[in-house]
Amino acid sequence: MKKTFAVLAVLALAALTGPSTAASPSLKPFERGSWREVLRAHAGRPTLIHFWGVTCGPCKIELPQLGKFMADHPEIDVVTISADLVPNLSTATQAMLDKAGLAGAENFIFNDGYAERLRFEVDPSWQGDIPRTMLVTRDGAIETIEGSAEISDLDKWSQAQVRPH
Amino acid sequence: MTTSRLRSSLLGLAIGLLSAPIAAQAQMVHQHGSDAACEGTELRCATKVTPFFAEDGKLWLAWMAGGRVSVAGSTDGGQSYSAAVPVTEQQLNLDWGPDARPKLVVDGKGALAVAFSIFRDQAFNGQVLYTRSDDGGKSFAPLRPITSSNESQRFEALALDQDGTVFVAWLDKRNRAPAKAAGRAYEGAGLFFASSQDQGATYAEAALAQDNTCECCRLGLAFAGPGRPVVVFRNIFEGSVRDHAVVTFSNLTTPGEVYRVSTDDWQIKACPHQGPSLAVSPSGAYHVAWFTNGKIRKGLFYAHSRDGGRTFSEPMAIGQADRNPTRPYVLATPDATTLVWKEFDGERTTVMMMQSRDDGETWSKPRALASTDNASDHPLLVARGKQIFLSWMTKADGYRLQAIGDES
């Protein structure tokens, strides 16, 4: 038994050290402080931040629509955050993002077993329901859409963002 | 902006080409974010633990850990446990949804009935599996699907009738494909049920109690009397309003009328991942606790019905609104109704508790029972006679079964 673990540990080490230098993974870990960092990194630019998860039925329908939205709106930064709390789901998450045309977005996946704390950092009143979309204006004002967003609403919002102030 | 998007796309393409090693690496990254304390199958590695007190006072636990569902018993009130027995030798892709957990009931003759959900494919379609032990938990029968349908099923609930009948309810997507084929929109999932007259060895054919209910929340299940199960569920009302409803069966095969528990007006096309809790007290009163983020009310609420679910009391808010009250559980024992729930202050999760001595009319002040600084399961309540226990699995502190004192 111990031997098996040792072999697994070596394999794990190889997995960590091997390909990581070739290219940085598309999926970034979303951890403590990541939320502040996302807001900081996109400060001054209109940004759509979408929370979703691989087992969420409505998310599966909405994700390709967001992929199209991103293609149609290069002026809007698009960030996705997989907010399911799941072991070993990065592959499925990446596959769904790729299929939805969102591989080029900035994509995160929850990477802290203490999901309550991650959610609290985003919005203390958020209880984990997904999908959830947060629209951040240039001046940092945030509008939250609970559940699936209407793409027409997103279009309207993005048009408002490009108007001269 | 455009340049960086282009660069990202090229990077995405490169990653696609390198998908195999990247996938392995990504999975390693994610394991640091596990909500389990360890990766084994033992109790301390569990993310979900479900307790059940058998008639003889023996405590049974079923838990999810290391891709297995395991069972153990305790004859000393949780001080020590028998050797854990996995219900299956194979590793399973268990449903890890926030409201999923293994279910366990033990009848008066000592037969254990177990049910749980797995993800059976890459699209996360679920399947409810069951097994049972007729040798006191030493071994389990091969796993069997609860229904022959191959459409997605999740969120099973098990309850034991007085005569030993095992009743099971679950959420089932089988009506989606026919509706779509007929050009009709289909929302949510069907609330299906079945029962077993042979101690959980086989279940009758599945039947529908209510179609188009919310597909991603646990069910509340209890018996209003012999042969009369009651299910509380998050329903989908007109306009995608996901408020709670209750159905009482007139017998094990006949669901009655569906009544609304509360009009919260939570219109949302999403998975709330927050199911209700139900208990029926010896007086016949239904006690329901639930979460909502509706237009009419937001937060955690409690209400009771004294007319078999037709009408409910005005919802009573539970917990401190600025502490994220969530995951309620209600238990009715012969002389008390007890509510527990979680609160979170940004760092620490605390299990709060309050009790009613008058069948839900008035309640004690909430009091903290336990807390933890890392991931935790939903708090559950379980009773042996009049003694009530908090059952709570935490990543940092393991499993606890904590006796609750008189709060009146």
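## Cysteines, confidence and one arginine

Chain A has a mean pLDDT of 84, and 81% of its residues reach 70 or more. Residues 1-24 of chain A are another story: the pLDDT there is below 50, and beyond near neighbours in sequence the stretch has twelve contacts in the model. Keep in mind that this is a predicted model. Where pLDDT is low, the predicted coordinates should not be read in detail.

Now for the cysteines. A disulfide is a covalent bond between the sulfur atoms of two cysteines. How many disulfides are there over all chains? The count comes to two. Here they are side by side:

| Disulfide | S to S distance | Torsion about the S-S bond | Handedness |
|---|---|---|---|
| C56(A) and C59(A) | 2.2 Å | 80° | right-handed |
| C38(B) and C45(B) | 2.0 Å | about -105° | left-handed |

Let's take the chain A link to begin with. C56(A) and C59(A) are joined with their sulfurs 2.2 Å apart, and the link is right-handed, with 80° about the S-S bond. Are these two cysteines buried or exposed? Both C56(A) and C59(A) are buried.

Over in chain B, C38(B) pairs up with C45(B) at an S to S distance of 2.0 Å. Why is this disulfide called left-handed? The torsion about the S-S bond of C38(B) and C45(B) is about -105°, so the link gets that label. C38(B) is buried, and C45(B) is buried as well.

Chain B also has cysteines that are in no disulfide. One of them is C214(B), whose nearest cysteine sulfur belongs to C216(B) and sits 4.0 Å away. C214(B) counts as buried because its relative accessible area is 2%. C217(B) is in no disulfide either; for this residue the nearest cysteine sulfur is that of C214(B), 4.2 Å away. With a relative accessible area of 2%, C217(B) is buried too.

Finally, a look at an arginine. Where does R400(B) sit? You'll find R400(B) in strand β27 of chain B, which covers residues 398-404. Along the chain, R400(B) and V49(B) are 351 residues apart, yet their C-alpha atoms are separated by 10.0 Å. Leaving out residues up to four places away in sequence, R400(B) touches A370(B), S371(B), L390(B), S391(B), W392(B) and T394(B).

Conventions. Residues are numbered from 1 along each chain as its sequence is written. Chains are lettered from A and ligands numbered from 1 in the order in which they are written. This is a predicted model: local features need pLDDT of at least 70, side-chain atom pairs count only at pLDDT 80 or more; totals for chains, interfaces and linings use all residues. Side-chain values use heavy atoms; hydrogens and water are left out. A disulfide is a pair of cysteine sulfur atoms within 2.5 Å. Buried means under 20% relative accessible area, exposed over 50%, partly exposed in between (1.4 Å probe, protein chains only). pLDDT is the predictor's confidence in each residue, from 0 to 100. Contact means heavy atoms within 4.5 Å. Helices (H or I, at least four residues) and strands (E, at least two) are DSSP runs, numbered from the N terminus.
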